[in-house]
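Here is a briefing on side-chain contacts.

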Amino acid sequence: MTLIELFSDYVRNQKSLKLYIQERKNYSTRGEFSDQTLLEAEESLQRLKAEEPEIYALMYETLEQYYEEDCGHYVEYPLNFIRQILRIYRNGIPARKVYEHYREGLKHHYCDA
C-alpha cells in the first residue's frame, strides 16, 4: 500500500489522523501534510462532528461522491477534503459555506489531455 492509499483509507473511513501519523512513520516517502497540520485537521474534524454533525456527514458524503465520479484525480480527493476542513477553523469560514464550496467542485469537469 502506498502512502497516499494509506492516507485515503484513513480519511475515507473516518479513522483518527493521530493514528495515521504514527503509521506513516513506516514509509520512507513524505506526506502532503506535516504532523502538526494533521493534528489540527483531526481536532477540526472532531470539533465539526460535535458542533455541526450534519455538515460533518455532508462533507464525507461529498467526498464519497468525488470518488464515485472518479475523474482521474483520486490522489487529490482526500487532500482536498482535509484542506476544506482546515479552512473552517483556520480561516473562520462558516462550515456550511465551506461545504457548499466543496460541493460545487463536483460540477467541475476535469480535462485529462
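E51 is partly exposed, at 48% relative accessibility (buried means under 20% relative accessible area, exposed over 50%, partly exposed in between, with a 1.4 Å probe and protein chains only). Its salt-bridge partner is R47, at 3.1 Å from N to O. The model is predicted: local features need pLDDT of at least 70, side-chain atom pairs count only at pLDDT 80 or more, and totals for chains, interfaces and linings use all residues. Residues are numbered from 1 along each chain as its sequence is written, and side-chain values use heavy atoms, with hydrogens and water left out.

**Salt bridges**

- Side chains of opposite charge can pair when their charged atoms come close.
- The term has a cut-off here: a side-chain nitrogen of Lys or Arg lies within 4 Å of a carboxyl oxygen of Asp or Glu.
- Nine salt bridges turn up in a search of the whole structure.
- E51 and R47 are four residues apart in helix α3 (residues 35–51), so about one helical turn separates them. Helices are DSSP runs of H or I with at least four residues, strands are runs of E with at least two, and both are numbered from the N terminus.
- R47 is partly exposed, at 41% relative accessibility.
- R96 and E54 also meet in a salt bridge, at 3.4 Å from N to O. R96 lies in helix α6 (residues 95–104) and E54 in helix α4 (residues 53–69), so this pair ties together parts that are 42 residues apart in sequence.
- K15 bridges to D9, with the closest N and O atoms 2.5 Å apart. K15 is partly exposed at 35% relative accessibility. D9 is partly exposed at 22%.
- E32, E76 and R83 are linked in a network of salt bridges.

**Aromatic pairs**

- The search of the whole structure finds nine aromatic pairs. Rings of Phe, Tyr and Trp (its six-membered ring) pair if their centres lie within 6.5 Å; planes under 30 degrees apart count as stacked, over 60 as edge-to-face and the rest as tilted.
- Y66 and Y102 form a tilted pair, 5.1 Å centre to centre with 35° between the planes. Y66 lies in helix α4 and Y102 in helix α6, so the pair ties together parts that are 36 residues apart in sequence.
- Both partners are buried: Y66 at 10% relative accessibility and Y102 at 5%.
- The rings of Y67 and Y77 have centres 5.1 Å apart and planes at 75°, so this pair is edge-to-face. Y67 lies in helix α4 and Y77 in helix α5 (residues 76–90), so the pair ties together parts that are ten residues apart in sequence.
- Y67 is buried at 14% relative accessibility. Y77 is buried at 3%.
- One aromatic cluster takes in Y56, Y60, Y66, Y67, Y77, F81 and Y102.

**Charges over rings**

- A charge sits over a ring if NZ of Lys or CZ of Arg is within 6 Å of the ring centre and within 35 degrees of the ring normal.
- R12 places its charged end over the ring of Y67, 3.7 Å from the centre. Y67 also belongs to the aromatic cluster.
- K15 has its charged end over the ring of Y10, 5.1 Å from the centre. K15 also forms the salt bridge with D9.
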